[in-house]
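This report is meant for a reader who is meeting the structure for the first time. Please keep the sequence and the 3D view at hand while reading.

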Amino acid sequence: MKHWLWIILLLPVSPLVAKDKKLGGYVLDAAAFGRVQSYCVDTHNQPPREVKVINQFLSRESRPAGLLARLPWHRVATCQEGTPDAIVRLEFPGAHFSTVFMRREIKGVLLVFRAGSPTPIYETRGVLMTHAFDGENIAFDTQVLEHDALYFAVQMLVQDWQTLSETLRAAAS
C-alpha cells in the first residue's frame, strides 16, 4: 500500500521534472534574443568604481576558460565600434548597508538591449549577494560582492541562452 501511495503522489510531478527547463531570467523578445551574435558592454552612466569592477570581471571571464567564453556571441570592445546586435548593461541597483545587522547587500542585474532600442530583450532576475562586514574593509567586500553578483547574473544569461538555443533547435527539427 505504501508503494502505491508514493507512485500516486509522484506521478503528477514526473512530467514537470522531465520536460520543462525553466529560465533564470526573462526573455522579453525571443526572436531578437535568438539573433544576437555580437554585443558590447555599456558602462557610460555608471560610477568609475563600478566600471572598474565590471572591466576586471570582463577581462577575467573573457579568457578561454572563463564564463563569457561559453556564450557564442562575439564581444565588440566599445559600443561605438561597429554596430553590435546587442548592448549589455550590468548594474547594481539598490546596494546598501545594514548597520543594525552589520551586513552589506549588493544586487546585480544584467540587461540585454537590441542596439538602438530602449527596451530590453532579456533581463536576469536580481542576484542578491549578502555578506557580514566588520566595518574595516567595506570597499573590498563591496567589490567581491559585486564580482559575485556579476558572475551569477552572467551565468544565468549563459544558461538561458543555451536553454533557448536547444528549444529553438528542437522546434526547427
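## Terms and basis

A residue is called buried when its relative accessible area is under 20%, exposed when that area is over 50%, and partly exposed in between, with a 1.4 Å probe and protein chains only. The structure is a predicted model, in which local features need pLDDT of at least 70 and side-chain atom pairs count only at pLDDT 80 or more, while totals for chains, interfaces and linings use all residues. Residues are numbered from 1 along each chain as its sequence is written, and side-chain values use heavy atoms, with hydrogens and water left out.

## Overall layout

The chain has 5 helices and 8 strands, where helices (H or I, at least four residues) and strands (E, at least two) are DSSP runs numbered from the N terminus. Along the sequence these elements follow the pattern α-α-β-α-β-α-β-β-β-β-β-β-α. Of the 173 residues of the chain, 36% count as buried. With contact taken as heavy atoms within 4.5 Å, 70% of the contacts between residues at least 6 apart in sequence join residues at least 24 apart.

## The nonpolar core

In soluble globular proteins, nonpolar side chains tend to be buried together. A nonpolar core is here a set of buried Ala, Val, Leu, Ile, Met, Phe, Trp, Tyr and Cys residues joined through side-chain atoms within 4.5 Å. The largest such core has 34 residues, of which Trp 73, Leu 110 and Val 112 touch the most other members. Among the elements that give two or more residues to this core are helix 3, strand 2 (38–41), strand 6 (103–114) and helix 5, and helix 5 supplies the largest share, 10 residues.

Which residues does Val 112 touch, not counting residues up to four places away in sequence? They are Trp 73, Ala 86, Ile 87, Val 88, Pro 120, Ile 121, Tyr 122 and Leu 157.

## Aromatic pairs

Rings of Phe, Tyr and Trp (its six-membered ring) pair if their centres lie within 6.5 Å; planes under 30 degrees apart count as stacked, over 60 as edge-to-face and the rest as tilted. A search of the whole structure finds 6 aromatic pairs. One of them is the edge-to-face pair of Phe 33 and Trp 161, with 5.4 Å from centre to centre and 75° between the planes. This pair links distant parts of the chain, since Phe 33 sits in helix 3 (residues 30–34) and Trp 161 in helix 5 (residues 138–172), 128 residues apart. Phe 33 is buried at a relative accessible area of 0%, and Trp 161 is also buried, at 9%.

Trp 161 also forms an edge-to-face pair with Trp 73, at 5.3 Å centre to centre and 80° between the planes. Trp 73 lies in the loop between helix 4 (48–61) and strand 3 (74–75), and Trp 161 in helix 5, so their pairing ties together parts that are 88 residues apart in sequence. Phe 33, Tyr 39, Trp 73, Tyr 122 and Trp 161 form one aromatic cluster.

## Salt bridges

A salt bridge is a side-chain nitrogen of Lys or Arg within 4 Å of a carboxyl oxygen of Asp or Glu, and the structure holds 4 of them. One joins Arg 114 to Asp 29, with the closest N and O atoms 3.6 Å apart. Because Arg 114 lies in strand 6 and Asp 29 in the loop between strand 1 (25–27) and helix 3, this pair ties together parts that are 85 residues apart in sequence. Arg 114 is partly exposed at 37% relative accessibility, as is Asp 29 at 26%.

The side chains of Arg 49 and Glu 146 meet in another salt bridge, at 2.7 Å from N to O. Arg 49 belongs to helix 4 and Glu 146 to helix 5, so the pair ties together parts that are 97 residues apart in sequence. Arg 49 is partly exposed, with a relative accessible area of 35%, whereas Glu 146 is buried, with a relative accessible area of 1%.

Glu 61 is found in helix 4. Leaving aside neighbours within four places in sequence, Glu 61 is in contact with residues including His 147 and Tyr 151.

Ser 62 has its place in the loop between helix 4 and strand 3 and counts as partly exposed at 35% relative accessibility. The side chain of Ser 62 reaches the backbone oxygen of Leu 58 at 2.6 Å.

Technical notes
A polar contact is a pair of N or O atoms within 3.5 Å; within protein, one must be able to donate a hydrogen and the other to accept it, and residues adjacent in sequence count only if both atoms are side-chain atoms.
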